[in-house]
Each structure stands twice: as structure tokens, then as C-alpha cells.
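Open the model in your viewer and keep the selection tool at hand. The stops below go element by element.

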Amino acid sequence: MMVRNPAKDAVAIVGLGTTPYRRDAGGKSPLALACDAAVAALADCGLAPQDVDGVGATTVPSGSIQAALGVGEVGWWVNVTMPVSLVMMEAVNAVFSGACTTALVCHATYRGAGASRSAAADPFRVHAVGDAHGHNLAMQPETPSGTFGYCAWAGRYLHDAGCGREVFGRIAVNSRTNATRNPHALFREPLTMDEYLAGRMIREPLSIFDMDPPVDSGDAFVVTTAERARDLVDRPVYVHAGSLGRTGHPYADQLTDYQHTGKEIVADRLWAKSDLTLEDVDVFYPYDGFSIMAVSWFEAFGYCKTWEAPEFLADQWDDAGNRLLLDSRVPVNTHGGSLSEGATQGAGHWREAVDQLRGTAGDRQVDGASCALLAPGGFMWNATGFVLRA
Amino acid sequence: MTTPTDVELFERFGGADVDHDNKEHYRGLLQRRLLLNRCGDCGWWHHPPLPRCPRCRSNQVVATEVGGRGTVYLLTFMHQGPPAPDVDYATPYPVASVELDEQPGLRYTAGVVGGPVPPAIGDRVHLVWATRGDRPLPMFAVDDDRHGGGRE
């Protein structure tokens, strides 16, 4: 495998903006949510909309964000499917290549009509095209995409590893413990393993506690050159390495097996590109839209071997803190992950990693955190991994 | 049975993404035949339907009937899910990705009909036809000898 990483540390994240994560943002469109986050992100790094010359977004048309904010002329724009990591990768490449110098990256979520009875009674949600996750509303019970895949692979994991659901429970319990210190999180009550195991099943073996709750949300990031970043902020966060990964079988039910997925490709390429290693990582952000995803990232990145996560997560459990603490040092999903914070397809993981590395994580701040490992995607078609450093 | 027309495919699979690459699969379903793409040049099967053979790049792919026998590879029990007239989630609905005997890694995902014992990964299954609304629905049923002679 030949990999190159000429963009190493050449691009930085300087601005963060987010909205409250709520079940109902109350009359706000996804565009309004994206704009709220974008205004906050620009203010965060002291820029005006006119200072931006690139706009990237997922669900909301980037042109509408540009128009609404009064961003003038841009030399680069893009709309890419979620997760937001795919747009972040585009933005890093655009800034590095010179397609633009300062890019605004936006993501918004909007609860679908199928999310609850109240959502189903909201005409704005009923008439939204698809749901907030882009699901086809004509989906059948047997459609092998969407939630089917991760639930079914979670079942396969338990079968192959020969373990119980506690391995997923540790992800959920860790998440809630960390969320108690995150005012942004939707769920901030601690969760016990017994409560986890008694959780209402949705798609067995995954329950209500294994799936992130849909929210209305907006998140935005300002990305620029390392040079400009140092002029703008005290502590830029550099994108040290990043990779997407996808196999030639990118369909949930056709993956060769659990050991040949996008996550292995991401891990191989990321570690080949990165000067930093697992030992350098201070904070770890495995995506947990479904708990099985987070479990799988520990194995993919080499914290433990395939199917050894049940023992590894038990070994690395900090009883006093009731959470994961790798090597008695590295916390995991310090914001509570998507499971507790709300389903933002990795946007929350990005924001929290940047907050930690620049020292703005409030009560959750990990002393001296200077390297973050992120996997803000799933393991089928949308696997992504990044190493960030301050 | 007359061959369903293209217009019928859109009428009867409303909302599904029927296109030129998968139309024969859908046409087969209406005739209670499970057709998956097979390469006319090298014999390799693939699913979902693609315009070329992933192994030899031939564009001579032909929707071909499978035997419908296989082994459960992935399995989830749905306690809730998209509404369907024939699915009552009060009894968890098993959905399985079945590795078909035709080729390692060739899987088809469908519901599993109820039986005395819930299905499990590794079970041997065979194709059966049920009905959803006005159209045939492929499903799997667990063999009487559920551990008989298959790969896992």
C-alpha cells in the first residue's frame, strides 16, 4: 500500500459553532440550524462571512447557507452526503490545494416524521424529503440498509466473539457517564449495566440504549491554512492525517466478513500516514451511532485484536469513574458520544475533539490533551478516521 | 403468467428504486422467481444488481434464478420497523441475510417465516413465497434439519 500525506498539519480547524441539540428546535428549518451554527463558528474565530471563500455542507444546500449568511464570492463549494467527515475531508483537501483558503463546513439534522408520534404530527417533518437520515420513506422491513446493517452485524459479532451484550453496554454506560459533564447532551443521567441490559429492544440484539437519539441540530466548523490559523487563534487544531475507507462490497449484507470492512482500510491508511501512533493519543472518539460501531473501532485501530473487545473494554474500565480509561489515561467519547449527546453523524465527535485539543472543553477538559484519534463514521460504506493534534 | 411490464414494476413497487439495472430482479419477484445477476461470460454471481460483472468486467450480466437454499449469515429480530401490512412487530420479526449455496459471500436478505424455534445464525434455510399486499414476497424458512450440511 502506497500512501502519501502532503497535507499533514497544513490545514487547521479554527472555529466551532453548534446549536442546542433538541428533539424539536421549534419552527427552525435545517437551513436555519446550519446558519445558527455557522454564525457561531465564524464568531468563534473572529471572522466575518466575507472572509470565507469556500462552503461545504451535507444535508443543507451549501448555496443557501452562503446566501443566507451573506458570504460573498466563493471559489469552492460542495454538498456531500453525511457523515460530516466526508465534507471535512473535502474541505481539508480544498484548503490544502488552494481551491479556497478558508472553508465553512456545515451539518444539520432534522428529526424525521418516523421518529415519534409528535414528529409524525408535524407537517413540516412529514413533508420533508426523506427523513433526517436520508432514508427512503418507502423502506420495507427487509431492506438491507439503514439500521438493519449495524443491528445484524452486532448479532454476528456476538456470535463470532462468543460474548454477551455487555460489550455494547460498556459503550453505552461510558457514554452516559461522560455526558453528565456535557451541558450540550440530550441524555445526562448515568446508566447502569443492569439498566442497559433491560433496555427496550429495537432490532435485537440492539436496544434503545445502543442507538443514538434523533435530534434537531446544527454544527459548523471553520477550516483554513495552518499559517492563517496561527494568525487567527491561540491554539489551532491541525489535521495531522485522515483517511476514508471503503471495500468493493459496500453493501450492508454483502461485506465479505467483519474483518474486511471500511474500518480496516481506514486504520491501515491512517497509521501509514500518521507520524503519531496509538501511544500518542490522549483522547479517542469512536463513532457510536450504533454501539457496535464504537466496539469495532477499538479493534480496527489496534487497541485490541478482533473479537477481543469484550475483555479489553472490561480490563480498561475505571470502576471509580464508571467509564473507560485506556491505559488509565485516555478517556473515550468525552462528550458522551452520539448515544448521549444526540445523533449528529459524527459532528459532535469532531466538535468535542477540537474543544479538547484547544483546551475549551469546560468541566470535561482532559489536562494536556494534544492528540485526538477520531473515527467519525461507520464501518460499511462511510468509514473515516482522523488524527488531530494541537 | 404474462410477463409483468415495466410500467407494472413501478406501479407495484411504488417508492422502490426500480431502474434498468434491477428491473429483472423486481420482474422476477412478481413471478415468484428469485433472480440474481450472474455473469454470462464467467459465471460469477453478484447482488445487488450491477451493470457489470465485478469479477471479469463483462457487461453480459443476466438475472438468473437461484435455488433458494443457503445458510443464515446475519440475523436481527425487529421489535419495531417500517410499517408493512403483514408484519406485526409485537412478535419480533426475524430478518436474515442468507449466504446462498450458489457462491460464497453471495447473500440475499429477507424475512424468516415463523417456526417452533426462532432462527439462528448458521441455520440452513430455503426460499418460500409469502404475500405483501398485492405482491409476492420472498422469505426464508428454516429447514427441518436446521444444521444439515451447510457452510457457516
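Select B:Arg38 and B:Val62. B:Val62, in E3(B), is the bridge partner of B:Arg38. Keep in mind that this is a predicted model.

Now widen the selection to both strands. Strand E1 (residues 35-39) of chain B and E3(B) are joined by five bridges and run antiparallel.

Select residues 23-30 of chain B. This is helix H2, and its buried residues are B:Tyr26, B:Arg27, B:Gly28 and B:Leu29. What do the buried residues of H2(B) pack against? Colour helix H1 (6-12), E1, E3 and strand E8 (135-142) of chain B: those are the elements. Then step past the end of the helix. B:Arg32 follows H2(B), and its phi is positive, near 55°.

**Chain B as a whole**

Along the sequence the pattern reads α-α-β-β-β-β-β-β-β-β. The radius of gyration of chain B is 16 Å, close to the 15 Å that the globule rule gives for 152 residues, so chain B is as compact as a globular protein of that length. Its C-alpha trace spans about 45 × 35 × 25 Å along the principal axes.

Colour chain B by burial. Of its 152 residues, 34% count as buried. Among contacts in chain B with a separation of 6 or more, 47% are between residues 24 or more positions apart. Colour by confidence last. The average pLDDT of chain B is 93, and 96% of the residues score at least 70.

**Across to chain A**

Show both chains. The predictor gives the complex an ipTM of 0.91 and a pTM of 0.95. How many residues of chain B are in contact with chain A? There are 27, and they meet 24 residues of chain A. On the chain B side, the elements that give two or more residues are strand E4 (69-78), strand E5 (93-100) and strand E6 (107-112). E4(B) gives the most, with five residues. Colour the chain B side by residue class: 15 residues are nonpolar, 11 are polar and one is charged.

Opposite A:Glu204 stands B:Phe77 in E4(B).

**The sheet in chain A**

Nine strands of chain A form an open sheet with mixed pairing, in the order E3-E2-E4-E7-E1-E8-E14-E13-E9. Strand E3 (76-79) and strand E9 (283-286) of chain A are the edge strands; each pairs on one side only. On average, neighbouring strands of this sheet are turned by 25° against each other, direction ignored.

Select residues 11-18 of chain A. This is strand E1, and it is mostly covered: eight of its eight residues are buried.

- Strand E7 (residues 217-225) of chain A is joined to E1(A) by seven bridges, and the two run antiparallel.
- A:Thr225 in E7(A) is the bridge partner of A:Val11.
- A:Asp219 in E7(A) stands opposite A:Thr18.
- Strand E8 (residues 237-245) of chain A pairs with E1(A) over two bridges, in the antiparallel sense.
- A:Val237 in E8(A) is the bridge partner of A:Ile13.

**Helices over the sheet**

Finish with residues 62-69 of chain A. Helix H2 of chain A lies across E2, E3 and E4 of chain A. At what angle does H2(A) run to E2(A)? The angle is about 130°.

Methods:
Residues are numbered from 1 along each chain as its sequence is written. Chains are lettered from A and ligands numbered from 1 in the order in which they are written. This is a predicted model: local features need pLDDT of at least 70, side-chain atom pairs count only at pLDDT 80 or more; totals for chains, interfaces and linings use all residues. Helices (H or I, at least four residues) and strands (E, at least two) are DSSP runs, numbered from the N terminus. The radius of gyration is taken over C-alpha atoms; the globule rule is 2.2 Å times the number of residues to the power 0.38. A residue is buried if 20 or more other C-beta atoms lie within 10 Å of its own, exposed if 12 or fewer, and partly exposed in between; C-beta atoms are placed from the backbone. Two residues are in contact if their C-beta atoms, placed from the backbone, lie within 7 Å. Ala, Val, Leu, Ile, Met, Phe, Trp, Tyr, Cys and Pro count as nonpolar, Asp, Glu, Lys and Arg as charged, and the others, Gly among them, as polar. Two strands pair if DSSP finds at least two bridges between them. pLDDT is the predictor's confidence in each residue, from 0 to 100. Axes are lines fitted to C-alpha atoms, for helices over the stretch in contact, and angles run from 0 to 180 degrees between N-to-C directions.
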